[in-house]
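Please open the model in your viewer and keep the selection panel at hand. The stops below say what to select next and what is there.

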Amino acid sequence: MKIEETQYERPTSLEALILLIGETHKNLRILSGGAFSPSKVDNATVLIDIQDIGADRVEREGDFLRIGAAASLQQIMDADTGLDELRVPLTLEAGANVRNSLSLLNFLRSADPRSPFLTALLALAPELEMVPSGKRIFLENFPRIAPENELEFPLWMKLQLPAGFAWESIGRTPKDRPIICMAAARYKDGSLRIACGGDENPPRVVEQDSQAETLFALIKQAYESSGDDWASAEYRQEMSTVLLMRCLQRLEFDAFKKEEK
Amino acid sequence: MNMHLQINGQLRAVEAALDERLLDILRRLGYLGVKSGGCKRGECGACTVLLDGKAVNSCMFLAVQAVRHEISTIEALGTPSDQGWKQTEGLSPLQSAFIQNGSIQCGYCSSGMILASKALLDRNPDPSEAEVREALSGILCRCTAYVKPVEAVLQAAAMMRSDKDSANASPSYAQPKIVQVDFIPPTQVIGKSSIKVDAEKLAQGKAAFTADFIQPGTLVARVLRSPVAHARIVRINTEKAKALPGVAAVLTWEDLPRVVYSTAGQSDPIPGPLDSFSLDNKVRFVGDRVAFVAAESAEIADQALSLIEVDYEELPLVLDPRDALKPGAPIIHDEAEYVNFADSDPTINLAAKIRIDIGDVEKGFSEADRVFEREYVVPKVQQAHIEPHVALSYWDPDNRLVIVTSTQVPFHARRMLAPLLKLPVKRIRVIKPRIGGGFGNKQEVLIEDVVAHLTIATGRPVIYEMSREEEFIASRARHPMRIKMRTGVKLDGTITANEMIALSDTGAYGCHALTVTGNTGQKSMALYVGDGEYRKSPNIRFYADIVYTNTPPSGAYRGYGVPQGYWPLDRHMEMIARDLGLDPLEFRLKNALHSGEYQAFSTSWNEGREPRPEIIHTVGLEACVREGAEAIGWKGKFGNASWHEIPGKPHLRRGIGAALVMQGTAIPYLDMGGASLKLNDDGSFNLLVGATDLGTGSDTVLAQMAAEVLGVDKDDIIVYSSDTDLTPFDKGAYASSTTYISGTAVVKAAQQVADQIKTRASAMFAEVGIQVTPDQIVLENGAAREPSGGSYSLAEIALNSLHHTNQEQIMAVASHVSPSSPPPFAAQFATVLVDLQTGQVTVEDLVMAVDGGVIINPAAASGQIEGGMAQALGYGVCEEMVYDERGRAREKDLVDYHIFRADEMPRMQTIFIETYEKTHPFGAKAVAEIPLDGVAPAVGNAVLDACGADILENPITPEKVWRARTLKV
């Protein structure tokens, strides 16, 4: 399909967006901010740019955070989440320009397995609200490669803010991509959710409902086949327990401080 | 489609394809301050614009996405207030601050930095340094280490918050500390941080770089690159590509003259093997050239590449240099046209061989109390200049081929291209505009032949800009090496013999193979001559084999082989000092070269030419150590356990390290620079130089030298550099030679012009009855003054000479070649914080005290030091290029290949130790390359000091530190 024949639409409401999606049945692509991939445009019959439908916001509702698909990473970084350490993986993900440009949806579509912010998000167990179906899926189930026909896509991401959040990573320099990273979220009910990454396997989640010993074994296991050009599996396995220990210590310290208050 | 874009407050109607990026549209509309870093995915930030006041990368947006948004480019900021009869409000405070404090080196990222800073100051008028660094974190700069840009933003913020006039009246220059150890004659212009001659235009984003000069109707070139590391091309079919509408030419090896050459931009004869062809029927690395395409657009050219059918007959590979010389290894260069240089031997993959013995090395070892032996490894790293290689060619009306190119070596390029193109030199003109960084990678005739062949084929202008990926897989890099050190030492610390055996990997072609690796030994091993009797007759050995492998070629990279030498040498010195219980600084100084001694290698080696023994006159090394140690607080830190520990953080430990280094200044008896200078009607001067300012500020430094001789302000010297039709010859920008060689040529020309001015002034004084000889006349403050106080302005003298009496053009041409190569010296220091559990290293401080002779422009020179240290820091801790088992690169972008960002830099301090080098008219040596040499070993030594991890292979990654500690424990 020639680019001259591609239609560009910029709906101004959710209703108009849904109508457009309903009208089109082939090679529909969603544009939601910068960092587009050239392949996004190739062979598209319709490009729907969602920047004007109000999904470029980050909203906090009590303990929940809603992030629009067109909100930039910088907006997430500037949001009042109460999670200071969430800023760290964002600064590791990219410099300021890219954070200003890259929308949540494009980030989710383009993040590579070593992405620090993807690892951090996974620890927060976000749900994606799909449009137009209204279905909700967990982030770990979201396909990061966009389908040829984007008849359904996440318009909002919703997550429950944890009581505590800790981030640990190891890199060659302070802002280099981590060679191993870990995010831990502790919720009010005492549950703990840990995501680990930094290697060429996609970030994965280790949840803890039982003893700490099990957790350490699980995290080590998560790095069993993590050897790649950037670090050996042996190193990552050893470091996983170090980082986990640091995360846990800090989360307990946070909790302790809150109890004191 | 039609769209309207709001750009700098104006609504502009634009016709653009839906898939066109905002970057491309803006450049097409003439907003040339928006640069391309070749990545198209936001890696570098050169294409920064403000979108609704936020700094974004315009390469990451479709133009259509920017409709109904406010776009601001650098062109929206100020212009100089003096526009002839019209006055404007002038440059913005940010532009002024960047200009005044020396923030602008190559200037390629300056527009982006200024815009990102504007966005910050618009929302936060009083930012902290950390906030400034955060705001600049999306714009990569390879020149400045962000030191001066950060300071400029803080200065501008202060100026904007308070009274503008008072801030303007007292700009705070980023001045380094200067310590004079020799008598330095007083000067008026020399030694001042004069503003760079090109800073204003770069701060405005004016057309300055090669890609800014594209003409309408220019074809876009692309190169088909090999997907395999070693193969013969058995069939290549271009019919489908040629049939694609919009394709103007497709060239393969069958279409071009088969002329063997070297891509290394060096003087004639090139000191290396001739082993390259513009296109060949064999490919020797993944990324090697297969075909050239020229088309009406980049998209069509890309599509044409995909339509070229190539059948490869794959050949066995050799990727590990240790395998290259083994019997039965695949032979990479079996072409009949191969031309040997010195000991190169393609039948065994040997590109060059060096065997240097100084003194009696074996006797020295036999006299040692201890012999220390270890092997070290240094990686391949990339120059990573932000402006990619760009070249543009066209036929001029006189049927001469004009090539505008981002080259460091315009004159070498013209000479070397002529046989490839079957054109005489006189029909080629090479123009070098501003260069967006080169660092040696543009000391290569790497892409000029591509556009030239395509212009010859099509008769049309052609532009070729390498992508960021091509820069990684198909340009040049620092030679990786394995180096064995063996050192004999007396128990009192006297070195009795020192040996370095290097295995250097030149990759698939032998460009710079001999000379880079020669430097590895020559400029490192000559530093330590031993003490006592050994000092009089040092025992030094340097052997090297430089071998071919099926990896992308190595080449010139700032430092030119010397950083590879100092990693093993200085790490080795540290190990010896610690083993013998000697103070590491005293041990080094005890054995280091003194003034009045020979550069030991000059007695035995000269890059394949006849050796020319040279005595070194200025060695400021002791002062470098003294001042550097004081600045970093060596006495309070080294050996002080309490400093090493972090209270409350037992897993962290501090460490401190140092390295002593020396470099070179130009290539003696070879490097030549020329200059011409003429007087204008108003007393200003045109200075034409072949010297190639690649962002270093060399045009400014040359203007300062001319101004000093002529007694005028630097701004009265109008510099035009590097155009093979208009300027005198110069070897180009490499080997730290411009200030020393080209500068001396400028001074010679200026002295001749000064003599002519004085002679004419003498005659003019005589006409009014004042009898003075020319040598009684002094040139100062733009006038010629005689002893009794009478004077003529240079404008009066110019009018007299051009219009009134015995008319003549006052002008001169001069050139210079030096018999000397006086080395700069330096002491480099680092402190680090090591995480004992993870091995992660954070470099906290870098200090460099450097003896570069008299510093002509402290702001420019310290900018060189800072930027060089940042590159060297990457060499120390994170930069490396790795290939898989099929020769495919791991690093293809600036994400995987990490270069330091503004928000992660260590503190930096520069100290200049001024010696007076008598072989230069103002006592200068060089500073541009030496900062690359000592950072990595200083960091390595600091890591050792912190935690006992003795890393022999840089970069020092967390896993290496962890392993070294684990094995040790």
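Select B:Thr692 and display its surroundings: leaving out residues up to four places away in sequence, B:Thr692 touches B:Thr407, B:Gln408, B:Pro410, B:Lys432, B:Ile435, B:Ser698, B:Ser722, B:Gly732 and B:Ala733, where contact means heavy atoms within 4.5 Å. This is a predicted model, in which local features need pLDDT of at least 70 and side-chain atom pairs count only at pLDDT 80 or more, while totals for chains, interfaces and linings use all residues. Residues are numbered from 1 along each chain as its sequence is written, chains are lettered from A and ligands numbered from 1 in the order in which they are written, and side-chain values use heavy atoms, with hydrogens and water left out.

B:Thr692 sits in the loop between strand E26 (685-689) and helix H22 (698-710) of chain B; helices (H or I, at least four residues) and strands (E, at least two) are DSSP runs, numbered from the N terminus. With a relative accessibility of 0%, B:Thr692 counts as buried, a word that stands for under 20% relative accessible area, as exposed does for over 50% and partly exposed for values in between (1.4 Å probe, protein chains only). A polar atom of the B:Thr692 side chain lies 3.4 Å from the backbone oxygen of B:Gln408.

Next, select chains A and B together and look at the interface. Chain B brings 49 residues to the contact and chain A brings 48 residues. The area buried between them is about 3,900 Å², of which carbon and sulfur atoms give 55%; buried area is the accessible area (1.4 Å probe) that two parts lose on being put together, summed over both. The interface of chain B and chain A holds 5 salt bridges, each a side-chain nitrogen of Lys or Arg within 4 Å of a carboxyl oxygen of Asp or Glu. To see a salt bridge, select B:Arg963 and A:Glu234, whose closest N and O atoms are 2.7 Å apart.

Now turn to the aromatic rings. Rings of Phe, Tyr and Trp (its six-membered ring) pair if their centres lie within 6.5 Å, and planes under 30 degrees apart count as stacked, over 60 as edge-to-face and the rest as tilted. By this rule there are 11 aromatic pairs over all chains. Select A:Tyr235 and B:Trp962: their ring centres are 5.3 Å apart and their planes stand at 65°, so the pair is edge-to-face. Because A:Tyr235 lies in helix H9 (residues 233-260) of chain A and B:Trp962 in helix H27 (residues 958-968) of chain B, this pair joins two chains. Both A:Tyr235 and B:Trp962 are buried.

Within chain B, select B:Phe472 and B:Tyr897, a tilted pair with 5.1 Å from centre to centre and 55° between the planes. B:Phe472 belongs to helix H14 (residues 468-474) and B:Tyr897 to the loop between helix H25 (858-877) and strand E34 (907-914), so the pair ties together parts of chain B that are 425 residues apart in sequence. B:Phe472 is buried at a relative accessible area of 2%, and B:Tyr897 is buried at 1%.

Definitions and conventions:
Polar contact = N/O pair within 3.5 Å; in protein donor to acceptor, adjacent residues only side chain to side chain.
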